[in-house]
Amino acid sequence: MQVSRVPSKPVRREEDGTLVIDLWLRRGGAFESDLALRLTGAEAEVLHAQLCYALDDGTASVITPVSKLPDCRQPAVGSQGVRRP
């Protein structure tokens, strides 16, 4: 099985505050179904932090100037080392 985001649909917030990510489910390369991942604000914050940590391998600055990286990708205040060139 393969799960991927629906490229034409942005992440959205519903009236109750739930964040929704529309997904496609494929089995054996063939489309199976649409589904939606629904996250509370707290769950989305944890996912956001985990993605920032997982992506922090220094390659982001190759395609995006360090000054334009989101705050979660900037060195922490008072950190001992610089995480990126």
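Predicted model: local features only at pLDDT ≥ 70, side-chain atom pairs only at ≥ 80, totals over all residues.

Guide: We can start with the overall layout and then turn to the charged pairs and the core.

Visitor: Good to know. How many helices and strands are there in the chain?
Guide: The chain has two helices and four strands. Starting at the N terminus, the elements run β-β-β-β-α-α.

Visitor: And what share of the residues count as buried?
Guide: Of the 85 residues, 21% count as buried. The accessible surface of the chain is about 6,500 Å², with 58% of that area belonging to carbon and sulfur atoms.

Visitor: Okay, electrostatics next. How many salt bridges does a search of the whole structure find?
Guide: The search turns up three salt bridges. One of them pairs Arg12 with Asp22, whose closest N and O atoms are 2.4 Å apart. Arg12 belongs to strand β2 (residues 12–13) and Asp22 to strand β3 (residues 19–27), so this pair ties together parts that are ten residues apart in sequence.

Visitor: Is Asp22 buried or exposed?
Guide: Asp22 counts as buried, because its relative accessibility is 11% and the cut-off for buried is under 20%.

Visitor: Which residue forms a salt bridge with Glu14?
Guide: That would be Arg38, and the closest N and O atoms of the two are 3.5 Å apart. Glu14 sits in the loop between β2 and β3, while Arg38 is in strand β4 (residues 30–39), so the pair ties together parts that are 24 residues apart in sequence. Glu14 is partly exposed, with a relative accessible area of 26%, and Arg38 is partly exposed as well, at 46%.

Visitor: What about Glu32?
Guide: Glu32 forms a salt bridge with Arg27, with 3.4 Å between the closest N and O atoms. Glu32 has a relative accessible area of 41%, which makes it partly exposed. Arg27 is also partly exposed, at 44%.

Visitor: Switching topic: which residues make up the largest nonpolar core?
Guide: There are five: Leu19, Ile21, Leu23, Leu39 and Ala44. Strand β3 supplies the largest share of this core, three residues.

Visitor: What does Leu23 touch, leaving out residues up to four places away in sequence?
Guide: Leu23 touches Val3, Ser4, Arg5, Val6, Ser33, Asp34, Leu35 and Leu37.

Visitor: Last one, on contact order: how much do residues 24 or more positions apart account for?
Guide: They account for 12% of the chain's contacts with a separation of 6 or more.

Methods: Residues numbered from 1 in each chain as written. Heavy atoms only, no water. Salt bridge = Lys/Arg side-chain N within 4 Å of Asp/Glu carboxyl O. Buried < 20%, exposed > 50% of the residue type's maximum accessible area, 1.4 Å probe, protein only. Core = buried A, V, L, I, M, F, W, Y, C linked by side-chain atoms within 4.5 Å. Contact = heavy atoms within 4.5 Å. Areas by Shrake-Rupley, 256 points an atom, 1.4 Å probe, with all protein chains shown as cover.
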